[in-house]
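Here's a quick walk through a two-chain model, written for someone who likes to know the cut-offs. Have a look at the structure first.

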Amino acid sequence: MQISGAQMVIEALIAEGVDTVFGYPGGAIMNVYDEIYKQNSFKHILTRHEQAAVHAAEGYSKASGKVGVAMITSGPGFTNAVTGLADAYMDSIPLVVISGQVPMSLIGTDAFQEIDAVGISRSCTKHNYLVTDAKDLARVLKEAFYIAASGRPGPVHVDIPKDVTAQIAEFNYSFELDLETYKPHVKGNPRQIKKAMEAIAKARRPLFYLGGGIVNSNAAYEVRELVHKTGIPAVETFMARGVLSHDDELLISMLGMHGSYAANMAMSETDLVIGLGARFDDRVTGKISEFAKNAGVIHVDIDPASISKLVIADYPIVGDVKNVVNEMLEQSALINPVKYASWRETIRNFDELHPLAYHEDTDRLKPQWVIQRVGELLGDSANISTDVGQHQMWSAQFYPFTRPRQFISSGGLGTMGFGFPAAMGVKVASPEKISINFTGDGSILMNCQELMTAVEKKIPVINIILNNNYLGMVRQWQTLFYDKRHSETDLSVQPDFVKLAEAFGGIGYRVTTKAEFDVALKESVEKNIVSFIDVVVERLENVMPMVPAGGSLFNMMLLEKKEKK
Amino acid sequence: MQDENARRVISVIVVNEASVLSRITDLFSGRGYNITSLTVAPIPESRYSRLTIVTSGSIRVIEQITKQLHKLIPVLKVYEHADLVEKEMTLIKFPVSENITDIATLCAAYNGKIVNVGENIIIVMVADEPKRVDNFLKIINKYNPKEIVRSGAVALER
């Protein structure tokens, strides 16, 4: 059929089963927005900033497992979206981001709102396209969705000049893709898998090292089965929180810079690391030469470039975690769980020595208490997004996660301002769950304009601001490593968060006691309107344990021991 | 011991499309890899181009480079050459006042010849292994070369 480029975009989105587009219109993308106006197949959510549109699409994708879609205009619309693209790239989130571009005849003339968008997005996307002819649109969009979701997922950016969206051409979306140069390797080499299983059977202190790839590959329940059948303890990366349930006896907790003592010690004492969809990030490994020093390494990853990039793998297995774990399960009879009883005991002892904990020794609320309390009250019924900083680490440490895709946070890029829009996307993707955003008094001011979106579209995100009047994480480093010179991190001057929420039509609470917090949370859930709960917390609380940057994983700063009150 | 900064030659077959060269060079600059030389030209009667990249680094770095190159969507194949035939072409401009007979003889020894003669200058070309080209350039230094252009290496697996 002969249709316009703009109509093609709509048809392609419908064919891909897209039900929600997050975006912000502008000059160069107007032809497409005109077609959005005319259709009823998917809903469009107008965010109040392009960055938020992309973060919302990320949240939507992470909660649903589907490709997130965002739409923006050229120039500043696009540059505002770049942070979102980079965030999705670092955390392997499948997105298709469509931007308008100035007409072809004006490209290269420094036209109004012109920027070399594909030049900018090249290094922060899995792939990108500048579409120069409407005849290519069907193929490009189909490729974009396929590339975003397959292999190691990631964002794909499609830049479409305004005259291409106006151009009439033949459109056919029902064809088979043939990408000669892109064939993700999903099936692990059976010989390598067998060798890995034999190595596990021989090991005395093996350790599962679970990463976010398990969530991307929807393999959490297979991994749970493998962990239980083998009786091998497991640590989770930040990105893998929820792969095992918090109450799983074999889960040691999170490892890394703010990992638990037991998790970091287990990783330091293990004789075989079984890495599943994890990439040995520097926040996980600490000093790399000391990381799991005496251990062999099995590394399962769909991205060959992740294997032996930082830690050399003795048993590299390129493939989709789900496929590989299923094959491992078939051979799990090789492994006798009883054999690891004393290893599990050792780890239990580590955990008893220095459990993840905090002291309730101040008049002000402890931020960790707030997170635990939300966990007690809402538990599995909430999805948890976060911004970036101390509150983010405390959320990862103290929330009782029960399932994959429950925890949505900016891991790789560490984007302040991610949480609120992401939590909106999460709510849109799974409306049956309560959508919580744990945030800080620093982070929430980046993208607080999304209150308007949340009010307009009735997206009842509960933003819990752990307010310590500091850029807390930077303040913590300044306290510990810069001789308490708190340079530009004191946020004593701040808005009235209650009035701020109310100004947009949301609801707000300022909370200083446990009882007040319970009331505020209960009312927020019941009223089903976007809310800010501004919780006054202890100002100088530090995230502990902590592995100083570049230090060895086993050299942790620990919570000071005190008599419990 | 493996030389940490050994010279390596990598060939990359890519779909011949807009901005594919930027994808390759962005990858090198973004990840902090060196490019000593880079040549690119379409492969006749196909939709592909071939790049020959001379770089340097340890085995692990080179392994990362080849894997990262592979991840780029328009990349079809990546070869890291061990046993290869490698050639580089070079053009050099001399004043005619220099000893042209000597220069011509030297050129011949390096698969070259005089390719242009002007009123004041001559231009010669040589085409040889990059190491031999280095050598040649050292030798002809005494004939006061005015300009030197090296093409960068091209290579084929034996």
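## Ground rules

This is a predicted model, so to speak of local features pLDDT has to be at least 70, side-chain atom pairs count only at pLDDT 80 or more, and totals for chains, interfaces and linings use all residues. Residues are numbered from 1 along each chain as its sequence is written, while chains are lettered from A and ligands numbered from 1 in the order in which they are written.

## Chain A overall

Chain A holds 21 helices and 20 strands (DSSP runs numbered from the N terminus: H or I with at least four residues for helices, E with at least two for strands). Its radius of gyration is 24 Å, close to the 24 Å from the globule rule for 565 residues, so chain A is as compact as a globular protein of that length. That radius is taken over C-alpha atoms, and the rule is 2.2 Å times the number of residues to the power 0.38. Along the principal axes, the C-alpha trace of chain A spans about 70 × 60 × 40 Å.

Of the 565 residues in chain A, 56% count as buried, meaning 20 or more other C-beta atoms, placed from the backbone, lie within 10 Å of the residue's own. Take the contacts in chain A between residues at least 6 apart in sequence: 76% of them join residues at least 24 apart. A contact here is a pair of residues whose C-beta atoms, placed from the backbone, lie within 7 Å.

## Domains of chain A

Chain A splits into domain 1 (2-170), domain 2 (190-353) and domain 3 (367-536), with bounds from an automatic or database domain assignment. The C-alpha centres of domain 1 and domain 2 of chain A are 37 Å apart, and each of these two domains puts six residues into their contact. On the domain 1 side of chain A, that's one nonpolar, three polar and two charged residues. For these classes, Ala, Val, Leu, Ile, Met, Phe, Trp, Tyr, Cys and Pro are nonpolar, Asp, Glu, Lys and Arg are charged, and the others, Gly among them, are polar.

## Domains of chain B

Chain B has domain 1 (7-82) and domain 2 (85-157), with 28 Å between their C-alpha centres. Nine residues of domain 1 of chain B are in contact with seven of domain 2 of chain B. S2(B) gives the most to the domain 1 side, with three residues. By class, that side of chain B has four nonpolar, five polar and no charged residues.

## A sheet in chain B

Four strands of chain B form an open antiparallel sheet in the order S6-S7-S5-S8; strands pair if DSSP finds at least two bridges between them. S6 (112-117) and S8 (147-157) of chain B are the edge strands. S6(B) and S7 (121-128) of chain B share five bridges, and B:Asn116 has B:Ile123 in S7(B) as its bridge partner.

Helix H3 (100-109) of chain B lies across S5, S6 and S7 of chain B, at about 135° to S6(B). Angles run from 0 to 180 degrees between N-to-C directions, with axes fitted to C-alpha atoms, for helices over the stretch in contact.

## Where the chains meet

The contact takes 16 residues from chain B and 13 residues from chain A. On the chain B side, H2(B) gives the most, with five residues. By class, that side of chain B has six nonpolar, five polar and five charged residues.

How values were computed
Buried ≥ 20, exposed ≤ 12 C-beta atoms within 10 Å, placed from the backbone.
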